[in-house]
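Here is a short briefing for a first look at this structure. Keep the sequence and the 3D view open while you read.

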Amino acid sequence: MKDNEATISTKAVSRRTVVQAAAWSLPVIAAAATIPMAAASVNCVATVSSATASYAKLSATSAVFTWTNIFGDGKDLTLTLVSVPNGATNMTINQTNNFVLDPAMQGGEAQPSVRLSMDTVDLRNIAGGQRVTFSFAFDGAPTTVDALSYTIKDIDGVQALDGLGGAERVYLSEGTGTYNSDWIRGQGTGANPWRPFTGAPNSEVIPSSGAGNVAVSLPQASAFSLTFVANNSGRSINDRPNQNIWVGPFSFTAVNPACVL
């Protein structure tokens with residue numbers, strides 16, 4: 001099997017040069033750990049997906065993806081997830097389902113994606129939820145990755161009483177998104193989050209549909225946050241639904257710091 005990793009001289013070059021030199025390489029890294037370290041060369045660039053990483057849910061509010069020996073030098077790259085309450089108390093983090101890596105059909109695809117899950121405590125319009133910080137590290141030190149992309153799936157919910165759209169809303173500290181404007185509105189900011197359109201064909205999106213998805217991209221990232229909130233859905237006082245979205249898979253290009261000036 002041909003090795004999918006691009007192998008480049010370890011002579012120091014710029015990050016742009018390293019990434020451009022590997023542009024021809026295949027999109028998924030092969031398992032370099034199968035090659036004895038004495039015989040393996042150190043690679044400078046790897047284009048990877050979280051679908052090929054190991055994943056550990058450490059608690060309802062912390063988890064980590066790990067790409068083992070990503071450049072063939074025995075060092076690992078990680079993507080760590082840490083969640084905190086968004087501040088308002090109308091929603092709480094679901095202890096069982098939050099940060100579960102779910103391979104089931106969601107957003108029109110069956111790809112392993114991180115579930116963000118919240119319980120409704122009361123029906124006030126105060127935007128309670130959770131803020132998740134995603135941080136990349138190489139050999140334990142913060143690092144920057146290039147061409148990051150992922151999908152936020154299944155943003156839906158019964159229309160909220162504030163007249164701005166469905167119950168579930170999402171915004172980012174960094175990144176731009178594309179979506180189906182027949183279902184979703186917003187700019188992904190705190191003032192104008194992505195949310196179900198008031199004129200969407202239905203209030204709920206079925207798992208086999210991508211109508212409630214937002215495809216996110218960032219040219220570079222070392223850390224970013226995603227905030228998932230929910231507002232009063234207009235249901236009866238005794239109907240307090242669990243609210244869920246799914247995030248992933250994450251794809252990006254990583255550059256070995258040893259190859260960059």
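What volume does the largest cavity have? Its volume is about 50 Å³. The model is a predicted one, and the mean pLDDT of the protein chain is 86.

**Confidence**

- Of the residues in the protein chain, 83% reach a pLDDT of 70 or more.
- Residues 1-12 have a pLDDT below 50. Beyond near neighbours in sequence, this stretch makes 34 contacts in the model.
- Residues 24-40 also stay under 50 in pLDDT. For them the model has 29 contacts beyond four places in sequence.

**The cavity**

- Searching the whole structure turns up one cavity of 30 Å³ or more.
- In general, a probe the size of a water molecule, rolled over the atoms, shows where empty space is left.
- Which residues line the largest cavity? Asn 90, Met 91, Thr 120, Asp 122, Leu 123 and Arg 124 are among them. The lining also includes Asn 231, Asn 232, Ser 233, Pro 241 and Gln 243.
- By type, the lining of the largest cavity divides into three nonpolar, six polar and two charged residues.

**The disulfide**

- A disulfide is a covalent bond between the sulfur atoms of two cysteines.
- Here the partners are Cys 44 and Cys 259, with sulfur atoms 2.0 Å apart.
- The pair links distant parts of the chain, 215 residues apart. Cys 44 sits in the loop between helix 1 (15-21) and strand 1 (45-49). Cys 259 belongs to the segment after strand 18 (251-255).
- Is the disulfide left-handed or right-handed? The torsion about the S-S bond of Cys 44 and Cys 259 is about -80°, so the disulfide is left-handed.
- Cys 44 counts as buried because its relative accessibility is 0%, and buried means under 20%.
- Cys 259 is buried too, with a relative accessible area of 0%.

**Backbone features**

- Most residues other than glycine have a negative phi, and most peptide bonds are trans. The next points look at departures from that pattern.
- Pro 249 is placed in the loop between strand 17 (243-247) and strand 18.
- Asn 69 is not a glycine, yet its phi is positive, near 50°. Asn 69 lies in the loop between strand 3 (62-67) and strand 4 (77-85).
- Is Asn 69 buried or exposed? Asn 69 is buried, at a relative accessible area of 6%.
- Ala 127 has a positive phi as well, about 55°, although it is not a glycine. Its place is in the loop between strand 7 (113-120) and strand 8 (128-138).
- Ala 127 counts as partly exposed, at 27% relative accessibility.

**A loop residue and a distance**

- Asn 180 is in the loop between strand 12 (176-179) and strand 13 (184-185).
- At 32% relative accessibility, Asn 180 is partly exposed.
- How far apart are the C-alpha atoms of Asn 180 and Ala 215? The separation is 9.9 Å, for residues that lie 35 residues apart along the chain.

Note on methods:
Residues numbered from 1 in each chain as written. Predicted model: local features only at pLDDT ≥ 70, side-chain atom pairs only at ≥ 80, totals over all residues. Heavy atoms only, no water. Disulfide = S-S within 2.5 Å. Helix = DSSP H or I, 4+ residues; strand = E, 2+ residues; numbered from the N terminus. Buried < 20%, exposed > 50% of the residue type's maximum accessible area, 1.4 Å probe, protein only. 1 Å grid on protein atoms, 1.4 Å probe; cavity = no way out; pocket = protein on both sides within 12 Å on 5 of 7 lines; lining within 4 Å. Points joined across faces, edges and corners; volume = space filled by probe spheres on them. Nonpolar A, V, L, I, M, F, W, Y, C, P; charged D, E, K, R; others polar. pLDDT = per-residue confidence, 0-100. Contact = heavy atoms within 4.5 Å.
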